[in-house]
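Please keep the sequence and the model in view while reading.

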Amino acid sequence: QVQLVNSGGNVVLPGQALRLSCTGWGLTLRKASVTWFRQAPGKEREGVSCISSGDYSTDYSTKYINSVKGRFTVSRYNPNNTVYLQMDNLKPEDTGLYFCAANIDVPVSAGCRMEGSFAVWGPGTQVTVSP
């Protein structure tokens, strides 16, 4: 069964950090482009960051929305079949359900995208940033 598993969400204070995980089961994330989304209560889902497929740290590309640039970092660790979202200096407006989505067998040259259709979705992990 092909699935993505999310973890790492928590309740934190503004300025603190979290690292979210997106682990693949039944699929090889090294060959997938992966996108992180978030959805806050009463708001539409938005793409936060994405990472292309790739084998080594210099072999993939990333994208971020403006509001998280310089604070969030997306990366992959292929031996664990996991993509991470490191979130530093969290703000209350970062609160929401964070989940990942993947498209499989995407060449590195295709990059990644933060909208459109995706083959596999994770269930999400809740991030709450509150004083």
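A polar contact is a pair of N or O atoms within 3.5 Å; within protein, one must be able to donate a hydrogen and the other to accept it, and residues adjacent in sequence count only if both atoms are side-chain atoms. The model is predicted: local features need pLDDT of at least 70, side-chain atom pairs count only at pLDDT 80 or more, and totals for chains, interfaces and linings use all residues. Residues are numbered from 1 along each chain as its sequence is written, and side-chain values use heavy atoms, with hydrogens and water left out.

**Thr35**
- Thr35 is found in strand E4, where strands (E, at least two residues) are DSSP runs numbered from the N terminus.
- Thr35 is buried, with a relative accessible area of 1%; buried means under 20%, exposed over 50% and partly exposed in between (1.4 Å probe, protein chains only).
- Leaving aside neighbours within four places in sequence, Thr35 is in contact (heavy atoms within 4.5 Å) with residues including Ser49, Cys50, Phe99 and Phe118.

**Nonpolar core**
- A nonpolar core is a set of buried Ala, Val, Leu, Ile, Met, Phe, Trp, Tyr and Cys residues joined through side-chain atoms within 4.5 Å.
- The largest nonpolar core has 26 residues, and Val34 and Met87 have the most contacts inside it.
- Among the elements that give two or more residues to this core are strand E3 (18–25), strand E4 (33–39) and strand E9 (96–103).
- Met87 touches Gln16, Ala17, Leu18, Leu20, Arg71, Phe72, Tyr98 and Val127, not counting residues up to four places away in sequence.

**Ser52 and Ser53**
- Ser52 is found in the loop between E5 and strand E6 (62–64), and Ser53 lies in the loop between E5 and E6.
- Ser52 is buried at a relative accessible area of 0%, and Ser53 counts as buried at 3% relative accessibility.
- A polar atom of the Ser52 side chain lies 2.8 Å from the backbone nitrogen of Ser61.
- The Ser53 side chain reaches the backbone oxygen of Val106 at 2.6 Å and the backbone nitrogen of Val108 at 3.2 Å.

**Positive phi in loops**
- Asn89, in the loop between E8 and E9, has a positive phi of about 45 degrees although it is not a glycine.
- Asn89 counts as partly exposed, at 41% relative accessibility.
- Asp105, in the loop between E9 and strand E10 (120–121), has a positive phi of about 55 degrees and is likewise not a glycine.
- Asp105 is exposed, with a relative accessible area of 57%.

**Largest pocket**
- On a 1 Å grid over the protein atoms alone, a pocket is an open set of points where a 1.4 Å probe fits, with protein on both sides within 12 Å along at least five of seven lines; lining residues have an atom within 4 Å of a point.
- The largest pocket has a volume of about 210 Å³.
- Of the 14 residues that line this pocket, the closest to its centre are Arg38, Ala40, Lys43, Glu46 and Glu93.
- The lining residues divide into three nonpolar, three polar and eight charged.

Methods
Points joined across faces, edges and corners; volume = space filled by probe spheres on them. Nonpolar A, V, L, I, M, F, W, Y, C, P; charged D, E, K, R; others polar. Helix = DSSP H or I, 4+ residues; strand = E, 2+ residues; numbered from the N terminus.
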